[in-house]
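Welcome, and please open your viewer before reading on.

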Amino acid sequence: MKFTVNRSAFCEALKTVTAAAKSGSVTGVSGIYLYADASKRILELIGTDAITSVVKRIRNVDIKVGGEIILPPIVLEILKRTKEESIGLETNENGVLRLVFGSSRYDLPTKPVNEFPKSELVFPTAYVSVSGLLPLLKHAAFAAETKGDKRELQGVTLRLTPGISTAEAMNQKRMASAVNRNAADGETEMKLHISAVNILFSLLSADKTVYAGTAEQRAVFVCGDTVFSTVVMNRTGPDMSSFIKRLVPEYCAVAGAKELLNAIQTAAVCQLPG
């Protein structure tokens with residue numbers, strides 16, 4: 001394998017897929033899978049924790065020889081130390097990776113490619129276009145359980161419809177339901193583990209459209225040249241909407257979120273100690 005690539009684009013791609021690889025130590029996964037397609041001039045990088053995968057593609061790359069390799073985690077740290085515009089990567093028959101930029105040369109040992117738990121990426125047959133997905137998830141995800149044996153509470157349920165889209169989460173002490181109107185152009189529903197949602201946060205931006213769908217028990221989100229895929233949870237546990245319908249409130253008021261937060265903060269300042 002041998003190619004030359006823009007350093008900034010390559011580092012950005014490494015950062016993107018590392019979001020999934022960071023938790024790989026739990027499952028024994030270490031490193032980033034890299035595939036260089038000389039005929040299409042595309043680099044494909046994959047990071048995974050064996051449950052969630054993030055794929056990032058870089059197009060129009062000068063690839064002399066194609067191939068595949070597992071990039072050691074230290075590659076990103078090395079490339080951060082230079083301001084060279086382009087970098088060269090190549091491998092030899094012994095699996096040694098050479099990084100070349102400016103007058104610097106780094107030779108790094110690599111693991112066999114078959115040690116990487118790469119699975120076939122499954123794409124949905126239909127997608128739902130979503131805007132505002134990041135704030136929708138964030139306004140509910142804080143309420144999810146993050147540890148312990150209550151796995152059914154360690155998820156965020158996402159329901160997308162052309163009318164009202166919702167995200168719901170709860171733990172043993174609180175529940176949250178976020179609503180976004182006219183955010184999606186179709187219907188789909190999925191429950192994502194909170195660890196996968198946290199990875200998704202690092203990939204999304206508030207102003208970008210995302211394409212979401214499900215296929216073979218996996219949720220897939222596509223945003224430009226980035227693909228996020230994770231195993232969906234079984235939709236078990238309490239259903240917030242049915243719970244809310246059973247509530248008979250003695251008092252009811254409508255308030256803006258910011259006004260309510262300001263009121264709570266003001267009252268908290270006046271709270272007596274003890």
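Helices (H or I, at least four residues) and strands (E, at least two) are DSSP runs, numbered from the N terminus. This is a predicted model, in which local features need pLDDT of at least 70 and side-chain atom pairs count only at pLDDT 80 or more, while totals for chains, interfaces and linings use all residues. Residues are numbered from 1 along each chain as its sequence is written, and side-chain values use heavy atoms, with hydrogens and water left out.

**Stop 1: the whole chain**

Start with a cartoon view. The chain comes to six helices and 17 strands. Its C-alpha trace spans about 75 × 50 × 35 Å along the principal axes.

Next, show the surface. The chain exposes about 15,800 Å², and carbon and sulfur atoms supply 51% of that area. Accessible areas come from the Shrake-Rupley method with a 1.4 Å probe; for residues, only the protein chains shown count as cover. Of the 274 residues in the chain, 43% are buried. Here buried means under 20% relative accessible area, exposed over 50%, and partly exposed in between (1.4 Å probe, protein chains only).

How much of the contact in the chain, at a separation of 6 or more, is between residues 24 or more positions apart? The share is 66%, where a contact means heavy atoms within 4.5 Å.

**Stop 2: two loops with a positive phi**

Select Asn182, in the loop between strand 13 (175-181) and strand 14 (188-193). Its phi is near 55 degrees, a positive value in a residue other than glycine. Most residues other than glycine have a negative phi. Asn182 counts as exposed because its relative accessibility is 61%.

Now jump to Asn60, in the loop between strand 4 (52-58) and strand 5 (62-65). The phi of Asn60 is also positive, near 55 degrees. With a relative accessible area of 63%, Asn60 is exposed.

**Stop 3: the inside**

In soluble globular proteins, nonpolar side chains tend to be buried together.

Centre on Leu71. Leaving aside neighbours within four places in sequence, Leu71 is in contact with Phe10, Leu14, Gly31, Ile32, Leu34, Leu45, Leu89 and Leu97.

Now pick out helix 4 (residues 194-201). Six of its eight residues are buried, so helix 4 is largely enclosed by the rest of the structure. The buried residues are Ile194, Ala196, Val197, Ile199, Leu200 and Phe201.

**Stop 4: the cysteines**

Select Cys11 and Cys223. Are they buried or exposed? Cys11 is buried, at 7% relative accessibility, and Cys223 is buried too, at 16%. The structure holds zero disulfides, a disulfide being a pair of cysteine sulfur atoms within 2.5 Å.

**Stop 5: salt bridges**

How many salt bridges does the structure hold? There are seven, each being a side-chain nitrogen of Lys or Arg within 4 Å of a carboxyl oxygen of Asp or Glu.

Select Arg57 and Glu44, whose closest N and O atoms are 3.0 Å apart in a salt bridge. Arg57 lies in strand 4 and Glu44 in strand 3 (residues 42-48), so the pair ties together parts that are 13 residues apart in sequence. Glu44 is buried, with a relative accessible area of 19%.

Move on to Asp107 and Arg98, a salt bridge with its closest N and O atoms 2.8 Å apart. Asp107 is partly exposed at 44%, and Arg98 is partly exposed at 35%.

Then select Arg159, Glu168 and Glu189, which are linked in a network of salt bridges. Glu168 and Arg159 meet at 3.1 Å, N to O. Glu168 counts as buried, at 10% relative accessibility.

**Stop 6: a surface patch**

Finish with Phe123, Tyr127 and Tyr211. Together they form a nonpolar patch on the surface, with about 280 Å² of accessible area. Patches are made of residues with over 30% relative accessible area and no salt bridge: like charges are joined within 9 Å, nonpolar side chains (Val, Leu, Ile, Met, Phe, Trp, Tyr) within 5 Å. Tyr211 sits in strand 15 (residues 210-215) and is partly exposed, at 41% relative accessible area.
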